[in-house]
Amino acid sequence: MPEPSESRSTDRPEPADRLVTTRHTLATPDGELAYTARTGRIVLREEELRAEVFRGWSARAQLAVTAYTLDGADPRTRPLLFAFNGGPGSASIWLHLGLAGPRCVEVGAPGATLPPPYALVDNPDTLLRAADLVFIDPMATGQSRAVEGGKPGDYLGFGKDVEQVAELIRLWCTREDRWMSPKFLLGESYGTVRAVAVAERLASEHRLALNGLILVSTVLDFASQDFDYSRWDEACVHFLPTYAAIAHYHGVGAPGTLPQVLRAAESFADGPYAAALRAGRRLAPDRRAEVVAELARLTGLSPDYVDRADLRIEHERYCAELLRDRGLVVGRIDGRFTGPARSRLAELPDADPSMDALEGPYAAAIHHYLRGELGSDLDLPYAVFAAAAEHWSYAEFEGRPIAVTDRLERLLRANPHLRVRIEYGRYDLATPYHAGQDMVAHLRVDDAAYARIEHAWFDTGHMPYLDAAGRAQESAGIRDFIRRACPGG
């Protein structure tokens with residue numbers, strides 16, 4: 001007699017891959033591109049053992065993907081790029097329709113965003129000009145779901161997330177015969193944590209080596225930029241240059257050009273400010289007064305507020321305080337955006353005005369695009385953000401800050417051909433650029449490995465690609481990076 005679980009498994013159909021194929025053309029500065037698009041879901045399976053007996057491969061997850069392949073290209077030389085956003089709990093919608101895909105959303109500019117129903121237009125700066133593309137929506141985001149009877153919560157954590165994304169990449173490379181292609185990962189925000197950890201798992205579990213990692217708005221060591229950990233003073237130092245940039249943008253900070261202001265803020269942050277925070281109560285009153293005055297000048301906050309904050313300015317409180325006299329809060333994702341404050345007395349913003357401005361255009365665009373242009377027949381809700389990811393598990397880091405810098409170091413030591421591109425937005429309060437630079441400066445690698453890391457800065461927030469000029473600049477840099485990281489490049 002079959003075991004009960006085996007009997008139940010025959011009562012419902014076995015999950016199967018479900019991809020829809022369409023063909024398109026796109027005019028670009030390189031000429032017209034003819035490409036094939038595929039969108040839908042791929043079933044991931046896990047080896048099942050019961051009583052130490054192999055019982056086969058059981059379906060566990062159905063991950064949503066959208067892929068683009070240049071028609072007629074040689075897969076052995078054509079680069080392949082896998083992309084995902086972060087959150088954790090964010091779908092890949094932002095990189096897909098903001099930067100890399102052949103179609104993109106028009107959102108307008110900070111302070112001049114476009115009204116509904118928004119616009120989806122051709123993207124001549126698509127990364128398809130340099131590589132085939134696969135956008136991955138992790139569990140519970142987009143239209144990724146557990147199989148019937150499965151538990152999506154089992155995948156909402158650091159380890160299982162890395163495992164499932166790495167498995168999808170391995171499966172795609174195997175089924176599409178792309179093991180011999182140059183391969184890249186592109187991650188944004190928490191997606192940079194995922195990218196490094198997935199790259200390490202691909203290398204250690206499957207011996208799958210990459211040519212490059214592209215890390216947009218990097219956070220590889222949470223403690224260096226998170227006020228919830230014991231390194232509060234370090235976070236204060238790392239956020240200061242971003243505070244100065246945002247204050248300058250809104251006309252309430254230090255005078256001078258943005259480069260001049262940032263140089264002054266970085267020098268003060270790493271020198272007198274860091275020393276003052278280390279001194280604590282040992283800081284002399286006259287020296288404290290000097291630090292208060294300079295912090296106020298750079299951040300645009302009042303000396304009284306800086307003094308009452310004990311020189312330590314938390315980033316969400318900064319968003320509420322900077323333009324309080326105007327009845328405005330500034331964006332955390334992008335400090336150029338502002339929105340009306342719920343209350344001029346509130347200690348914290350009740351929402352991020354930058355996300356308020358972006359979620360509507362992107363959500364409308366992806367719902368139209370998948371069905372109206374790519375032919376998807378899936379009608380389940382598209383989860384821009386997975387609500388369940390609010391309870392994301394970091395069990396692997398219990399008792400210590402979340403960090404994957406050691407994995408990046410290992411990748412750079414093991415693969416002498418791996419290149420890394422790190423991108424920073426100067427108005428980004430989610431992943432401040434000074435923290436990212438500090439992380440790279442402390443990597444334990446030799447000079448040859450360090451030389452394979454490149455940096456790019458943008459006068460934008462968390463998403464450098466929000467406007468056409470930023471998208472063109474970012475895309476050109478990434479396309480050039482891909483070409484140089486390929487054999488013969």
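The points below are grouped by topic. Please keep in mind that this is a predicted model. The count of aromatic pairs in it comes to 17, and the largest nonpolar core has 103 residues.

**Aromatic pairs**

- Let's begin with Tyr-190 and Phe-222, an edge-to-face pair with 6.4 Å from centre to centre and 80° between the ring planes.
- Tyr-190 belongs to helix α4 (residues 190-206), while Phe-222 sits in the loop between β12 (212-218) and α5 (232-249), so this pair ties together parts that are 32 residues apart in sequence.
- Tyr-190 is buried, at a relative accessible area of 2%, and Phe-222 is buried too, at 13%.
- Tyr-424 and Trp-457 give a stacked pair, because their ring centres are 5.4 Å apart and their planes meet at 20°, with under 30 degrees counting as stacked.
- Here the partners come from two strands: Tyr-424 from β15 (residues 419-425) and Trp-457 from β16 (residues 453-458), so the pair joins parts 33 residues apart in sequence.
- Tyr-424 is buried, with a relative accessible area of 3%, whereas Trp-457 is partly exposed, with 30%.
- Ring pairs also link five residues into a cluster, namely Phe-227, Trp-232, Phe-239, Tyr-243 and Tyr-318.

**A buried arginine**

- Arg-471, in helix α14 (residues 468-485), is buried yet has no salt bridge.
- The nearest side chain of opposite charge is that of Asp-125, 5.4 Å away, and a salt bridge would need a side-chain nitrogen within 4 Å of a carboxyl oxygen.
- What the side chain of Arg-471 does reach is the backbone oxygen of Gly-98, at 2.9 Å.
- Leaving aside neighbours within four places in sequence, the residues in contact with Arg-471 include Leu-99, Cys-104, Val-105, Asn-123, Pro-464, Tyr-465 and Leu-466, as well as Gly-98 and Asp-125.

**Nonpolar cores**

- Within the largest nonpolar core, of 103 residues, the members that touch the most others are Leu-213, Tyr-273 and Leu-311.
- Helix α6 (residues 258-279) supplies the largest share of this core, with 11 residues.
- Another core, of 51 residues, lies apart from the largest one, and its members include Tyr-68, Leu-70, Ala-91 and Ala-485.

Definitions and conventions
Residues numbered from 1 in each chain as written. Predicted model: local features only at pLDDT ≥ 70, side-chain atom pairs only at ≥ 80, totals over all residues. Heavy atoms only, no water. Phe/Tyr/Trp six-rings, centres within 6.5 Å; stacked < 30°, edge-to-face > 60°. Helix = DSSP H or I, 4+ residues; strand = E, 2+ residues; numbered from the N terminus. Buried < 20%, exposed > 50% of the residue type's maximum accessible area, 1.4 Å probe, protein only. Lys, Arg positive; Asp, Glu negative; His and termini not counted. Polar contact = N/O pair within 3.5 Å; in protein donor to acceptor, adjacent residues only side chain to side chain. Contact = heavy atoms within 4.5 Å. Core = buried A, V, L, I, M, F, W, Y, C linked by side-chain atoms within 4.5 Å.
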